[in-house]
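Subject: Model for you to look at

Hello,

Here is the model I promised. Please open it first, then read my notes below.

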Amino acid sequence: MSGLTLLFWIALPYVAIAVFVVGHVWRWRVDQYGWTTRSSQLQESRLLSIGGPIFHYATFAAIGGHVLGILIPASWTAAVGIDEGMYRAISASLGTIAGLLVAVGLLVLVYRRVSVPRVRVTTSRTDVLAYVLLTIVIGLGLGETVGVNLLGGGYDYRSTVALWFRGLFLLNPRPELMVSAPPVYQAHVILAWLLFMVWPFSRLVHAWSYPLMFLGRPWILYRSYRRTRAGRREAAANR
Amino acid sequence: MRVMAHVGMVMNLDKCIGCHTCSVTCKQVWTNRPGTDYVWFNNVETKPGLGYPRGYEDQDHWRGGWTLDGRGRLRLRGGGVIRKLLTIFANPDLPSIDDYGEPWTYDYQHLFTAPLSEHDPVVRAHSRLTGRPTELRWGSNWEDDLAGAPATAPGDPNLRGIEEKVRLDYEQAFMFYLPRICEHCLNPSCVASCPSGAMYKREEDGIVLVDQDKCRGWRFCVSGCPYKKVYFNHRSGKAEKCTFCYPRIENGQPTICSETCVGRLRYLGLMLYDADRVEAAASVTDPAQLRQAQLDVFLDPNDPAVQAEARRAGIPDDWVAAAQRSPIWTLAVRYGLALPLHPEFRTLPMVWYVPPLSPVLDVADDPAGGDPDVVFHAIDRLRIPVEYLANLLTAGDAEAIRVVLRRLAAVRAFMRAQQVEGRVEDAVASSVGLAPRDLEALYRLLAIAPYEERYVIPPAHAERAARLEESVSTGCSVDYEDQFQASAAGYRLDMVQLQPRGSERAGPPPGPSDAPPPPATAPLFVWRDSAKPAGGNG
């Protein structure tokens, strides 16, 4: 097993996961004030209202596709009557639609960010890094789905990439499964790990704040100083 | 009955001269930071006009505030939770920065560096967003004193339905000023619209605030507020709004806009209200009845039953005493002179307005002389159309405006007769259903407007004080380094100084008396000597 194999398929994933987890804990604890979408809709609304929803909804679809293809074992889908040929037809067709929509949304958003001066000046270096990584990762993902699985001969990543990925979390890494994968799959995975390492330090953290708590919440919220810890302490001291 | 206390404000539009001192001092205290350049927690609009942001009063367009659904239930006009979660990636109702006015500055340095030339050098406007030269097209105060009104004023939503009656040509033009801050509503649609639960009302005094650490920048508060008084800081990515100067209020001091108002037209006071009746009041079918519904939510601080409930709810006795002296109670409830801004938005606002009197259009029969018949006859010929004020303050109920204007005119007529001619016009007083001493009391409160009667603000109690330091930003962002240091420092409140614990127990040992101990007040900020706490320990 070569050093590069170890580096890319064992060391990098675990480092990335560590940075991702520790980074989020650290950011959550020290930087609530910076935890925001950092929306630029105030400055530009027309392009955002096209690109924003397309990108986000298509990304949800793409994430769902990854869950289906990577996290769920092939044996499970087979158990419900979906054989490999049927799975590939579904994932290649729906994956292509989702992937192309993600790309279209991203193109609109990147065009907006570059060509609208009001938006461009709000762009930080972290934003640029996140945008570049996102663009490459999405481009490579399209290469896999459209280039390999839709137009090309197809590649059964569920018997290699998926097994390797799940092995990482079962503490049973099998790097040899990735060595034989097509380069486009290898590159997609490596860049994705880099993106996960940038994630906690960028505006991408807003993804965890999608406000599901809004469901079932009373309309009007009150806060009372008396009911805070400091308030109760003071009330007790004054008694 | 669930008694709660609420700070409120009344502005007497009769006295506003449009000097913008409130706006400027507010800006210097609260919004002179990066990303808030376009933000005016307090602004003064000339009416008629589109306002700031452009046309904000038109809820058919902006969809702020509340409405009733087919079955008469209260619903957010901008849609419920599901719609918000689905449209969260691009808020469909968010104003653009151009609706507020792109912030700009000038390249002043050019005045010093321009080469010698035949003509004086001029400075050019540069956008504060991009740094590039920009054309000035709109601003928070673009329509000051009806500037450009022939082009913009016809778009004023308050003119709808009365276009026939209102003439905007020069001879019959009218205008007045409308200073605006956050309404700190009893039923705030911004709070209801916030997906993150970052906005809240303070239980102790009703002030509406944004928790800067919980805000995630989804912007629905901005579109949800029908008054457009929540703003998006375009540098920090967080919502910000008028704080009712809570650090000053906690110390028993008026808000900075009130303190510096040269017209002495702002009143601050405490109101007691029944929190259990808020939703029913906001759900009243007829918009013209919303004002009365809100008045019914307020509780009479002189009622012993209310006092007992207030004590049970933990409201200190000196706060109830302050509510009894509240100028808001006097103006809004007792004499009914103050009216809520756009009650039809159903947010039950807590900043109310005394409508302005104005000269009569035809000066041939000036109502001077105190004849109430003449005064009342003139109300409908005032330069500011009653119907316009009605669309602004009573959801279209012109008769309610006439009642108020008659009372205001009666105060003038009565005092003119008394001070110029030395006679008491009982008839004037009784014609508006008041006694002469009522008119004298109103004259004192409205015209003399002594400081201590305008601002009746009990200081916060140490054990009740909403320091809320957890809601105040003290850090800077990780992915946007170094630009928020200054702004965070501007927010720091760790200078809070509480009295030494137990100091109120100093002094003579408690005797057998049943008298309650003096209230343990402790101002959180001590900015001037006169604000030392009462109760013998200051």
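Start with the layout of chain A. Along the sequence, the pattern runs α-α-α-α-α-α-α-α-α-β-α. That makes 10 helices and one strand. Please keep in mind that this is a predicted model.

Chain A overall: its C-alpha atoms fill a box of roughly 75 × 45 × 40 Å along the principal axes. Chain A has 239 residues, and 28% of them count as buried. I also looked at contacts between residues at least 6 apart in the sequence of chain A. Of these, 83% join residues at least 24 apart.

Helix α1 of chain A

This helix covers residues 3-30. Where does α1 bend? The bend is at A:A11, by about 35 degrees. A proline, A:P13, follows within four residues. A:P13 is also buried, as are A:W9, A:A16 and A:G23.

Where the chains meet

Chain A puts 48 residues into the contact, and chain B puts in 52 residues. On the chain A side, α1, α2 (46-71), α5 (117-120), β1 and α10 (229-238) each supply at least two residues. By type, the chain A residues that touch chain B split into 20 nonpolar, 19 polar and nine charged.

Strands across the two chains

Now look at β1 of chain A, residues 222-223. Which strand does β1(A) pair with? The partner is β8 of chain B, in the parallel sense, over two bridges. One bridge joins A:Y222 to B:K201. Another joins A:R223 to B:R202.

β8(B) spans residues 199-202. B:M199 and B:K201 point one way from the strand. B:Y200 and B:R202 point the other way. Are these four residues buried or exposed? All are buried. That covers B:K201 and B:R202, the bridge partners of A:Y222 and A:R223.

β8(B) also pairs within chain B. Its partner there is β9 (residues 208-210), in the antiparallel sense, over three bridges. B:Y200 stands opposite B:L209 in β9(B). The two strands form a hairpin with five residues between them. In the turn, B:G206 has a positive phi of about 80 degrees.

To sum up, β8(B) pairs with β1(A) in the parallel sense and with β9(B) in the antiparallel sense.

Best wishes

Methods: Residues are numbered from 1 along each chain as its sequence is written. Chains are lettered from A and ligands numbered from 1 in the order in which they are written. This is a predicted model: local features need pLDDT of at least 70, side-chain atom pairs count only at pLDDT 80 or more; totals for chains, interfaces and linings use all residues. A residue is buried if 20 or more other C-beta atoms lie within 10 Å of its own, exposed if 12 or fewer, and partly exposed in between; C-beta atoms are placed from the backbone. Two residues are in contact if their C-beta atoms, placed from the backbone, lie within 7 Å. The bend at a residue is the angle between axes fitted to the seven residues ending there and the seven starting there. Two strands pair if DSSP finds at least two bridges between them. Ala, Val, Leu, Ile, Met, Phe, Trp, Tyr, Cys and Pro count as nonpolar, Asp, Glu, Lys and Arg as charged, and the others, Gly among them, as polar.
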